[in-house]
Amino acid sequence: MTQTVAVIGTGKIGEALLSGMIRAGWPTAHIVATARRSDRAEELRARYGIETVTNAEAAKRADTLIVAVKPQDMGKLLDELAPHVASDRLVISAAAGITTAFIEERLTPDTPVVRVMPNTPVLVDEGMSVISAGSHATGDHLAHTEEIFGSVGKTLRVPESQQDAATALSGSGPAYFYFLVEAMTDAGILLGLPRAQAHDLIVQAAIGAAVMLRDSGEHPVKLREAVTSPAGTTISAIRELEKHGVRAALIAALEAARDRSRELATGNG
């Protein structure tokens, strides 16, 4: 942990990485960050005890650059960083849909680039970060990336050709669960429960189900069947879900998310 890491773009994901690295024992003296606004920079300095610098200064000083900006801002930012990024630096992109080739073309030849798609549970150290190597990134670069993102959850290596699919499932995945919880809460109110009680019942059911999926090693079909007794309440609900095409709708929704990720990669923001 003697290398200096710069977090460029300190929104929710960037700050989550920042705080996770510090909790994992990364020395604050080896972390710098950038922020668009001076008040935001001061907030980061006060909260984490790190140094905030300009984008150009970060590119000059850091051994690893974590670029956590919106996809539509990436091109302009790379133009700003390119004159200051030497080919021995590692550039990690956490921008949805942006390919490693897009970044490599705008930097010094042979610069190693790693693409990462984290999701918002990194904010509570339960994230999933999907990692892919660019054409010049080595196993050591991937391991270093895993060390950083492992401080805020789990990591998974995939070929970059699978990143758009991973974005649809994992990057956007928490939103689907929030949508489902929202709908189930409304159903609970319709069935006569107070909103707060409906919310608590559903959230705990979601947490318990997730832990069982993670820890039991059982296939989700087997876990569902364990709840689904003959002629019971659960099978009646499942029948309605199937009747209304919920499974097909989910598949179509994830295909749409994958396609949108591909569009972002081509600059159609």
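**Strand order and crossovers in the sheet**

Strand 1 (residues 5-8), helix 1 (residues 12-23) and strand 2 form a β-α-β unit that is right-handed, a term applied when, with the strands pointing away from the viewer, the path from the first strand over the helix to the second runs clockwise. Helices (H or I, at least four residues) and strands (E, at least two) are DSSP runs, numbered from the N terminus. The model is predicted, with local features requiring pLDDT of at least 70 and side-chain atom pairs counting only at pLDDT 80 or more, while totals for chains, interfaces and linings use all residues. Residues are numbered from 1 along each chain as its sequence is written, and side-chain values use heavy atoms, with hydrogens and water left out.

Strands 1 and 2 are parallel and share 4 bridges; two strands are taken to pair if DSSP finds at least two bridges between them. Within this pair, Val5 has Ile31 of strand 2 as its bridge partner. A right-handed β-α-β unit is also made by strand 2, helix 2 (residues 38-48) and strand 3. Strands 2 and 3 run parallel and are joined by 2 bridges, and Val32 is partnered by Glu51 in strand 3.

Strand 2 (residues 31-34) is covered on both faces. Ile31 and Ala33 on one side, and Val32 and Thr34 on the other, are all buried (under 20% relative accessible area, with a 1.4 Å probe and protein chains only; exposed is over 50%, partly exposed in between). In a regular strand, side chains alternate between the two faces of the sheet.

The open sheet contains 8 strands in the order 3-2-1-4-5-6-7-8, with mixed pairing. Strand 3 (51-52) and strand 8 (153-157) each have a single partner strand, so one side of each lacks a neighbour in the sheet.
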